[in-house]
Amino acid sequence: MASQADEKESAESLLADIQKKITDAFDIFDHESNKTVDVREIGTIIRSLGCCPSEGELHDLLAEMEEEEPTGYIRFDRFKPIMTTVLMERKFKPAPEDQLIKAFEVLDVEKKGHLTVDEMNKLMSEEGEPFTQEELEEMLSAAVDPEKGYILYKDYASVMAIDDGA
């Protein structure tokens, strides 16, 4: 049975690890080394930390992080505490693989076991929260089987759901 001191040390170690990940991810995009990043990079940083917020959730996070008068930049001292909370509470985690496969199966009305690029294009640009052209191209570059030319969604779901071990 772990003592309270061990549990406290473990929690402090987890917090230190999370804060290091946040700092490292932020620093990659801090091109001026002035503890600020372009607001347009925040979504990429958050996703690099294993979080998958919707565009609406991302906008809410940005609203929390931005200055009273938005400058187009996010300061590290505003980013770090918010992202520490997000990661400690395990918010915006990616969906598990079986759930992703079920979602793709719903979209695969003919039960072929794959989706074509045209089908995916239509779904991702016309349904729900539409992808931008850049997001769509990035997703398709990862999703399309290069030999077959379509999306074998069971394979793609396993890539999307890579477990971070937590």
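## Where the cut-offs sit

Buried here means under 20% relative accessible area, exposed means over 50%, and partly exposed is whatever falls in between. With that in hand, take Gly149: its relative accessibility is 39%, so it counts as partly exposed. Keep in mind throughout that this is a predicted model.

## The overall picture

The protein chain has eight helices and two strands. Walk along the sequence and you get the pattern α-β-α-α-β-α-α-α-α-α. Along the principal axes, the C-alpha atoms fill a box of roughly 55 × 50 × 25 Å.

Of the 166 residues in the protein chain, 30% are buried. As for contacts with a separation of 6 or more, 58% of them link residues 24 or more positions apart.

## Helix α1 against helix α4

Two packed helices are described by the angle between their axes and the distance between the axes. For α1 (residues 4–29) and α4 (residues 76–88), the axes come within 10 Å and cross at roughly 130 degrees. Angles over 145 degrees count as roughly antiparallel and 65 to 115 as roughly perpendicular, with the rest oblique, and α1 and α4 are therefore oblique to each other. Their crossing is right-handed.

Who actually meets whom? On the α1 side it's Leu14, Leu15, Ile18, Gln19, Ile22, Thr23 and Phe26, and on the α4 side Phe76, Phe79, Lys80, Met83, Thr84, Leu87 and Met88. Sorted by class, this contact has 10 nonpolar, three polar and one charged residues.

## Two nonpolar cores

Which residues touch the most other members of the largest nonpolar core? In that core of 24 residues, they are Ile42, Ile45, Ile46, Met65, Phe79 and Met83. Helices α1, α2 (42–48), α3 (55–65) and α4 each supply at least two residues of this core. The most come from α4, which gives six. Two α4 residues from the α1 contact, Phe79 and Met83, turn up again among those core members that touch the most others.

Skip its neighbours within four places in sequence, and Ile46 is in contact with Cys51, Pro53, Leu58, Leu61, Met65, Phe79 and Met83. Apart from this core lies another one, of 11 residues, including Met120, Met139, Ala143 and Tyr156.

## Helix α5 against helix α8

The axes of α5 (97–107) and α8 (153–160) are 9 Å apart, and the two helices pack at an angle of about 145 degrees. This crossing is right-handed, as is the one between α1 and α4.

From α5, the residues in the contact are Glu97, Leu100, Ile101, Phe104 and Glu105, and they meet Tyr153, Lys154, Tyr156, Ala157, Ser158 and Met160 in α8. By class that's seven nonpolar, one polar and three charged residues.

## Two lysines with positive phi

Most residues other than glycine have a negative phi. Lys35 isn't a glycine, yet it has a positive phi of about 60 degrees. Lys35 sits in the loop between α1 and β1 (36–38). Is Lys35 partly exposed or buried? With a relative accessible area of 39%, Lys35 is partly exposed.

You'll find Lys111 in the loop between α5 and α6. At a relative accessible area of 60%, Lys111 is exposed, because exposed means over 50%.

Is His114 buried or exposed? Its relative accessible area is 14%, so His114 is buried. Not counting residues up to four places away in sequence, His114 touches Asp108, Glu119, Tyr150, Ile151, Leu152 and Tyr153.

Beyond its neighbours within four places in sequence, Gly149 is in contact with Val117 and Val144. Gly149 and Lys111 are 38 residues apart in sequence, and their C-alpha atoms are 17 Å apart in space.

Conventions. Residues numbered from 1 in each chain as written. Predicted model: local features only at pLDDT ≥ 70, side-chain atom pairs only at ≥ 80, totals over all residues. Heavy atoms only, no water. Axes fitted to C-alpha atoms, helices over the stretch in contact; angles between N-to-C directions. Helix = DSSP H or I, 4+ residues; strand = E, 2+ residues; numbered from the N terminus. Parallel < 35°, antiparallel > 145°, perpendicular 65-115°, else oblique. Left-handed = near helix turned anticlockwise from the far one by under 90°. Contact = heavy atoms within 4.5 Å. Nonpolar A, V, L, I, M, F, W, Y, C, P; charged D, E, K, R; others polar. Core = buried A, V, L, I, M, F, W, Y, C linked by side-chain atoms within 4.5 Å. Buried < 20%, exposed > 50% of the residue type's maximum accessible area, 1.4 Å probe, protein only.
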